Amino acid sequence: MRIDESKAFIIQKIFRDYLSGIPHYLIYDDVRKIGFPQLGHSSIPRILKNPLYAGLVKVSATAKEPEKLVKGIHKAIVTTHEYFRAQ
């Protein structure tokens with residue numbers, strides 16, 4: 001995966017603003033002004049829940065193993081610490 005730096009800035013801003021206590025709807029309004037392409041206020045929670053932004057990949061559960069997150073080979077946009085704090 002390749003990172004589009006202009007879009008990475010928006011993702012980083014979403015995490016930074018959320019972790020500083022700004023509500024989803026205000027984050028959404030703010031990032032729409034700087035080019036966030038997704039529509040709907042639910043897009044912010046979806047971004048925050050997506051482990052790919054932290055360089056993690058979700059491995060589905062099997063009969064013997066529970067679902068887990070593993071380190072991917074792609075570059076992270078936010079730190080794993082920021083990702084888990086947002087959860």
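**Exercise 1. Find where His74 sits in this predicted model, then work out its surroundings.**

Let's start with the position. His74 lies in the loop that runs between strand E2 (68-71) and H4.

Next, is His74 buried or exposed? Its relative accessible area is 13%, and the cut-off for buried is under 20%. His74 is therefore buried.

The His74 side chain comes to 3.0 Å from the backbone oxygen of Leu52.

Finally, list the neighbours, leaving out residues up to four places away in sequence. His74 then touches Met1, Leu52, Gly55, Leu56 and Val57.

**Exercise 2. Describe the order of the secondary-structure elements along the chain.**

Count the elements to begin with: the chain has four helices and two strands. Then read along the sequence, which gives the pattern α-α-α-β-β-α.

Of the 87 residues, 30% count as buried. For the contacts with a separation of 6 or more, 44% are between residues 24 or more positions apart.

**Exercise 3. Identify the largest nonpolar core and the elements that build it.**

The core to look for has 19 residues. Those with the most contacts inside it are Ile14, Phe15, Val31, Phe36, Ile44, Ile47 and Tyr53.

Which elements give two or more residues to this core? They are helix H1 (5-19), helix H2 (24-33), helix H3 (43-49) and helix H4 (80-86). H1 supplies the largest share, five residues.

Setting aside neighbours within four places in sequence, Ile47 is in contact with Ile11, Ile14, Phe15, Phe36, Gln38 and Tyr53.

**Exercise 4. Decide how the buried residues of H2 are arranged around its axis.**

Begin by picking them out: Ile27, Tyr28 and Val31 are buried in H2. Looking down the axis of H2, you will find its buried residues within an arc of 100°, so they line one face of the helix.

What do the buried residues of H2 pack against? Their partners are H1 and H3. To finish, step past the end of the helix: Gly35 follows H2 and has a positive phi, near 110°.

**Exercise 5. Classify the two aromatic pairs of the structure.**

Two values are needed, since a pair of aromatic rings is described by the distance of the centres and the angle of the planes.

Take Tyr28 and Phe36 to start. Their ring centres are 6.4 Å apart and their planes meet at 85°. Planes over 60 degrees apart count as edge-to-face, so this pair is edge-to-face. Tyr28 and Phe36 are both buried.

Then turn to Tyr83 and Phe84. With 5.1 Å centre to centre and 70° between the planes, this aromatic pair is also edge-to-face.

How accessible are Tyr83 and Phe84? Tyr83 counts as buried because its relative accessibility is 5%, whereas Phe84, at 49%, is partly exposed.

Terms used. Residues are numbered from 1 along each chain as its sequence is written. This is a predicted model: local features need pLDDT of at least 70, side-chain atom pairs count only at pLDDT 80 or more; totals for chains, interfaces and linings use all residues. Side-chain values use heavy atoms; hydrogens and water are left out. A nonpolar core is a set of buried Ala, Val, Leu, Ile, Met, Phe, Trp, Tyr and Cys residues joined through side-chain atoms within 4.5 Å. Buried means under 20% relative accessible area, exposed over 50%, partly exposed in between (1.4 Å probe, protein chains only). Contact means heavy atoms within 4.5 Å. A polar contact is a pair of N or O atoms within 3.5 Å; within protein, one must be able to donate a hydrogen and the other to accept it, and residues adjacent in sequence count only if both atoms are side-chain atoms. The arc is that of the directions from the helix axis to the C-beta atoms. Rings of Phe, Tyr and Trp (its six-membered ring) pair if their centres lie within 6.5 Å; planes under 30 degrees apart count as stacked, over 60 as edge-to-face and the rest as tilted.
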